[in-house]
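Please look over the sequence and the structure shown here. The text after them goes through selected features step by step.

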Amino acid sequence: MFTRKPTSRFFFFTLILVLLLSFLITIKASDPTPNANDEEDLESLEELIALDEEEERQEQQEGSHSVRSSEAEVLTKAQRIVLELNNDNTKRAIDGNEFVLILGYAPWCARSAELMPQFAEAATSLKELGSPLLMAKLDADRHTKAASTLGIKGFPTLLLFVNGTSQAYTGGLSAEEIVIWARKKTGVPLVRISSVAEADEFLKKYHTFVIGLFEKFEGPDYGEFVKAAISDNEIQFVETSNIDVATVLFLDIKDPKHFLGIVKSEPERYTPYEGTFEMDKILQFLDYNKLPLVTKLTELNSARVYSSPVQLQVIVFAEVDEFKNLLEPLQEVARKFKSKMMFLYVDITDENLAKPFLTLFGLEEAKNTVVTAFDNKISSKFLLQSDLTPNNIEEFCTRLLDGTLSPYFKSQPIPDNQEASIQIIVGKTFDDLVLSSPKNVLLEVHTPWCISCETTSKHVEKLAKHFKGLDNLVFARIDASTNEHPKLQVDEYPTLFLYPANDKANPIKLSTKSGLKELAASINKHLKAKDHVKKDEL
């Protein structure tokens with residue numbers, strides 16, 4: 001038997017091993033390094049993420065565009081329902097329809113722009129309700145002839161025409177309020193609800209309403225309820241004879257046969273009426289209870305707010321986020337003064353609404369929360385000057401209600417008058433430097449915006465120089481735009497007052513139309529000065 005030599009087997013095994021190692025080395029050399037592999041994977045991942053983000057952005061844009069398109073279509077549809085009037089078709093529209101509600105607007109008017117979407121939305125709702133009312137709009141700035149015929153002088157103006165005869169619009173300016181007012185004026189003063197399902201649907205559409213529960217729709221009480229529904233211009237009235245329906249609309253009804261109450265979409269949601277069923281008393285109840293505990297003042301609801309019979313108003317000026325934290329405690333305070341005091345909120349960043357009020361307090365540049373109050377019975381204003389806490393706000397309101405709160409009067413900081421020939425008076429120094437001064441005081445009352453004040457100021461400066469040697473006469477001036485005092489009541493500017501040393505309660509008003517010499521003579525006459533020092537020539 002042939003036997004292979006050990007050297008041959010060793011050689012064969014070594015050759016196989018070398019080839020195997022070479023193969024493995026070749027494969028290993030063809031693989032990327034671990035670091036290069038990681039980098040390529042990372043780059044690929046970033047590309048995939050970027051691609052996904054781009055697709056997501058496109059989807060969002062398409063979705064947003066779809067939403068905007070949908071909103072635009074709804075608005076366009078609503079606006080098509082509103083007839084566009086001009087000089088030629090206005091008379092035909094009024095003569096050809098029993099009821100026509102016309103919005104006179106101007107394209108440049110901000111309030112018109114704010115009202116028009118509400119008007120279009122109301123038109124859509126009224127059409128769905130089967131109302132016979134024609135809704136129309138007129139660019140009164142462009143079609144001046146038609147506007148003049150209709151009597152449109154300001155923007156926006158709403159007019160209702162019934163069989164060709166016009167009457168002013170007296171309702172609110174939201175879409176819901178326009179619908180309510182229009183239906184009442186076109187023969188639907190109230191809504192009758194007979195089933196729970198109808199009540200559920202009604203609650204989806206109306207936020208504020210009056211409910212009347214009657215066993216039968218007849219009798220003197222029911223008659224007064226209907227008269228109130230016709231007379232009121234803002235709130236939807238609902239009637240039912242079904243207690244199950246009534247309890248869906250108003251919780252906790254005490255009398256299952258005879259009830260009236262108001263419902264609002266806020267924490268103080270239900271307010272029952274406890275008086276006798278008389279139209280005037282029902283309407284008075286609504287006037288005092290129709291607004292929320294705290295009402296946000298807007299351009300659209302301002303007329304409704306200002307027409308309220310509630311004479312005491314507390315107004316909070318704050319940024320939106322700050323007010324969110326203040327709302328709940330403020331509602332608790334408002335609940336304690338319900339029907340006696342109106343609580344309003346104004347966004348302090350809204351210059352159109354906030355600045356006119358804040359200017360009355362000299363706080364037109366205020367950024368932080370401000371709490372003010374007005375007593376419209378006596379035309380007085382008040383300012384909360386302590387820390388803004390619920391207890392301090394409640395005490396502020398309590399003192400406002402019982403008449404012990406001191407009115408607020410504007411005042412600039414106290415100036416340094418040491419070297420001044422004409423004393424500068426501010427609200428805080430009026431008592432000391434004018435009313436309590438042992439000397440005669442000639443006071444010039446002026447404002448920065450007064451055109452004629454400059455001439456009078458020059459006269460006063462020359463008079464001060466002319467009378468500088470007279471020890472018992474002081475010349476002074478006060479800026480009435482930034483300073484107030486309860487005993488300084490001025491209707492026109494400039495005004496010159498001479499406060500005699502012995503009768504400060506009865507200042508003498510001097511004519512600002514007089515020349516310099518006439519003023520000097522008048523001062524001499526009233527002072528009856530005998531010992532004059534040498535005066536400079538005028």
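**Disulfide, helix pairs and a buried glycine**

Cys450 and Cys453 are joined by a disulfide, with an S to S distance of 2.3 Å. A disulfide is taken here as a pair of cysteine sulfur atoms within 2.5 Å, and by this rule the count comes to one disulfide. In general, a disulfide is a covalent bond between the sulfur atoms of two cysteines. The torsion about the S-S bond of Cys450 and Cys453 is about 100°, so the disulfide is right-handed.

This is a predicted model, in which local features need pLDDT of at least 70 and side-chain atom pairs count only at pLDDT 80 or more, while totals for chains, interfaces and linings use all residues. Residues are numbered from 1 along each chain as its sequence is written, and side-chain values use heavy atoms, with hydrogens and water left out.

Cys450 and Cys453 are both buried, where buried means under 20% relative accessible area, exposed over 50%, and partly exposed in between (1.4 Å probe, protein chains only). Cys109 is buried as well, with a relative accessible area of 8%. Cys397 counts as buried at 0% relative accessibility.

Next come the helix pairs. Two packed helices are described by the angle between their axes and the distance between the axes. Helices (H or I, at least four residues) and strands (E, at least two) are DSSP runs, numbered from the N terminus. Axes are lines fitted to C-alpha atoms, for helices over the stretch in contact, and angles run from 0 to 180 degrees between N-to-C directions.

α16 passes α17 in a right-handed crossing. A crossing is left-handed if the near helix is turned anticlockwise from the far one by less than a right angle, and right-handed if clockwise. In α16, His459, Lys462 and Leu463 meet Leu516, Leu519, Ala520 and Ile523 of α17, contact meaning heavy atoms within 4.5 Å. By class, this contact has five nonpolar, one polar and one charged residues. Ala, Val, Leu, Ile, Met, Phe, Trp, Tyr, Cys and Pro count as nonpolar, Asp, Glu, Lys and Arg as charged, and the others, Gly among them, as polar.

Helix α12 (residues 320-336) and helix α14 (residues 390-402) have axes that come within 10 Å and cross at roughly 30°. That makes α12 roughly parallel to α14. Leu326, Pro329, Leu330, Val333 and Lys336 of α12 make the contact with Pro390, Ile393, Glu394 and Cys397 of α14. Seven of these residues are nonpolar, none polar and two charged.

Helix α4 (residues 110-128) packs with helix α6 (residues 175-185) at about 50°, their axes 8 Å apart. α4 and α6 are therefore oblique to each other, and α4 passes α6 in a right-handed crossing.

The last stop is a glycine. Gly427 lies in the loop between β16 (423-425) and α15 (430-435) and is buried, with a relative accessible area of 14%. Leaving aside neighbours within four places in sequence, Gly427 is in contact with Lys410, Ser411, Asn483, Glu484 and His485. The C-alpha atoms of Gly427 and Asn483 are separated by 4.8 Å, although these residues are 56 residues apart along the chain.

Key: Angles under 35 degrees count as roughly parallel, over 145 as roughly antiparallel, 65 to 115 as roughly perpendicular and the rest as oblique.
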